[in-house]
Amino acid sequence: MAGAFAASIYQTLIRRNAVYLTSIFAGAFAFEVAFDTSTNKLWDTWNRGRQWKDIKYQYINKAEEEDDE
Amino acid sequence: MLARTVLRRSVPSRGIASLNKRASSSAAGSESASSPFHLTITASVATAIALGSATYLYGQEAKAMTPAEEGLHATQYPWEHGKWNKTFDHQALRRGFQVYREVCASCHSLTRVPWRSFVGVTHTVDEMKAFAEENEYDTEPNDQGQIEKRPGKLSDYIPAPYPNEEAARFANGGALPPDLSLIVKGRHGGCNYIFSLLTGYPDEPPAGATVQEGMNFNPYFPGTAIAMARVLFDGVVEYEDGTPATTSQMAKDVVEFLNWAAEPEMDDRKKMGFKAITLLTGLFALSVWVKRYKWSPIKTRKIVYSPPVSRR
C-alpha cells in the first residue's frame with residue numbers, strides 16, 4: 001500500500017526534473033499561504049478585541065457620521 | 001613526551017638514593033616531634049577563620065545606598081500585554097495617548113514619536129492630521145532666508161513642551177522632566193515602576209520623612225523626593241469611550257501607551273516570533289527524523305568477530 005503510494009508519487013512528481021522543481025515551488029507557495037492564514041487566524045483569536053482592526057470601526061463610522069451632519 | 005621519558009630513565013640511580021635518605025630523615029623527625037596536635041589545632045582554627053571571614057565578606061549583598069536612596073521596589077503587576085502571545089490593547093493605547101496629551105504633555109516631551117506612527121494603531125488618518133495641524137513647525141528657509149511657521153504634518157514629530165533643557169529646568173524648579181519616548185525601557189522595573197510611581201503618592205509624607213521645599217514624597221522614586229507632584233486624580237480626563245477615569249485606570253492606560261511608544265514593534269515582533277518558533281519546531285523534528293534515517297544502517301549493523309580457525 002505504502003509502496004504503491006510512494007511509487008505513484010515518484011512517477012507523477014519526481015520522475016521528471018521539471019515537474020519535480022515545479023511541484024517544490026508550488027508546494028512552498030501553497031504552504032506559505034496556508035501557514036500564514038492559519039497562524040494569523042490563531043493570533044487574531046488570541047487577541048480578539050485588542051487590535052486596531054477590532055476597534056477601528058468605532059472611529060471610522062464616527063468620522064463618516066460627522067461628515068454627513 | 002620523549003624528553004620526559006628520557007629524563008625518567010636517566011634519573012633512577014640518584015632518585016632512589018635520595019628517596020631512601022629522605023625516608024630515613026622524616027622518620028627521625030616524626031619521632032622527635034611526637035605531638036603535632038597543637039599544629040593541627042592552629043591550622044584548623046586558621047582555616048576556619050579564613051573561611052568564615054571570606055563568607056562574611058563575599059557572601060553578603062553589597063549595598064552602596066540606603067533603602068531610601070534605593071527606592072521601594074515596584075509591585076509586580078500581571079500586565080496582559082506582557083504575555084508572549086498578546087498584543088497591546090489598542091483601545092487602552094488610545095486612552096493612554098489621551099492621558100499623555102491632556103496631563104503629561106504639559107511638562108514631558110515625546111520627541112521620538114512622529115504623528116504618523118499613531119495612524120492605524122490608535123487613530124485614523126484624519127484624526128491624526130487634525131492633531132498634527134494644531135501645532136506649528138519651522139519651515140525651510142525661504143528665498144530671503146527667513147524661517148516661517150507652517151502647520152504640522154503627519155511626518156512631524158510630537159513637539160516638546162519646552163524649547164530646550166534649560167527652559168525645562170527653569171520652569172520646573174531646577175528639575176528636568178525626562179523625555180517619555182523610551183522611559184519604559186529606561187527605568188528599572190519598566191511598566192511596574194512607572195505605574196507604582198504614578199499611583200504611589202501618599203496623602204502626606206510618613207512620620208520622620210523630610211521633604212524639601214518644592215519636592216514631593218514618593219516611596220518608589222529613588223531618594224523618595226521627586227519634583228513631580230501627583231498628577232493623576234480620579235476624573236482628571238474624560239475618556240471618549242466611557243471608561244471610568246480612575247487614577248489606576250489612567251495610570252494603567254498611560255503606562256501601556258508609554259510601553260508602546262518605547263517599543264512600537266512589539267505586536268509584530270511577537271507575531272513573527274510565534275510563527276518562526278512554530279516553523280523551526282517542525283524543521284527541527286524533520287531534521288531529527290532525517291538524522292535517524294541516515295544513521296539507521298550504522299546504528300543497527302552488527303560487527304561480528306570470527307577468529308581465524310587455527311591449524312592443528
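Visitor: How do the axes of H5(B) and helix H10 (residues 247-262) of chain B cross?

Guide: Axes are lines fitted to C-alpha atoms, for helices over the stretch in contact, and angles run from 0 to 180 degrees between N-to-C directions. Here the axes of H5(B) and H10(B) come within 7 Å and cross at roughly 100°. Angles under 35 degrees count as roughly parallel, over 145 as roughly antiparallel, 65 to 115 as roughly perpendicular and the rest as oblique. H5(B) and H10(B) are therefore roughly perpendicular to each other.

Visitor: On what model and numbering does this reading rest?

Guide: This is a predicted model, in which local features need pLDDT of at least 70 and side-chain atom pairs count only at pLDDT 80 or more, whereas totals for chains, interfaces and linings use all residues. Residues are numbered from 1 along each chain as its sequence is written, while chains are lettered from A and ligands numbered from 1 in the order in which they are written.

Visitor: Which residues of H5(B) and H10(B) make the contact?

Guide: Two residues are in contact if their C-beta atoms, placed from the backbone, lie within 7 Å. H5(B) contributes Ala92(B), Leu93(B), Arg95(B), Gly96(B), Phe97(B), Val99(B) and Tyr100(B). From H10(B) come Met250(B), Asp253(B), Val254(B), Glu256(B), Phe257(B) and Trp260(B). Ala, Val, Leu, Ile, Met, Phe, Trp, Tyr, Cys and Pro count as nonpolar, Asp, Glu, Lys and Arg as charged, and the others, Gly among them, as polar. On that basis the contact of H5(B) with H10(B) has nine nonpolar, one polar and three charged residues.

Visitor: How many residues of H10(B) are buried?

Guide: A residue is buried if 20 or more other C-beta atoms lie within 10 Å of its own, exposed if 12 or fewer, and partly exposed in between, with C-beta atoms placed from the backbone. Twelve of the 16 residues of H10(B) are buried, so H10(B) is largely enclosed by the rest of the structure. Among them are Lys252(B), Asp253(B) and Glu256(B). The buried residues of H10(B) pack against H5, helix H8 (183-186) and helix H9 (190-199) of chain B.

Visitor: What span should H10(B) have?

Guide: The expected span of a helix is 1.5 Å times one less than its number of residues. The 16 residues of H10(B) should span 22 Å, and its end C-alpha atoms are 22 Å apart, which agrees.

Visitor: What is the phi of Thr224(B)?

Guide: Most residues other than glycine have a negative phi. Thr224(B), although not a glycine, has a positive phi of about 65°. Thr224(B) is found in the loop between strand S3 (216-217) and strand S4 (225-226) of chain B, and with 22 C-beta neighbours inside 10 Å it counts as buried.

Visitor: Where does Cys107(B) lie?

Guide: Cys107(B) is in the loop between H5 and H6 of chain B. With 20 C-beta neighbours inside 10 Å, Cys107(B) counts as buried. Leaving aside residues up to four places away in sequence, Cys107(B) touches Pro161(B), Asn172(B) and Pro177(B).

Visitor: How many helices and strands are there in chain A?

Guide: Helices (H or I, at least four residues) and strands (E, at least two) are DSSP runs, numbered from the N terminus. Chain A has three helices and zero strands. Buried residues make up 4% of the 69 residues in chain A.

Visitor: How many residues does the contact take from chain B and from chain A?

Guide: The contact takes 16 residues from chain B and eleven residues from chain A. H11(B) gives the most to the side of chain B that touches chain A, with four residues. The residues of that side divide into three nonpolar, seven polar and six charged.
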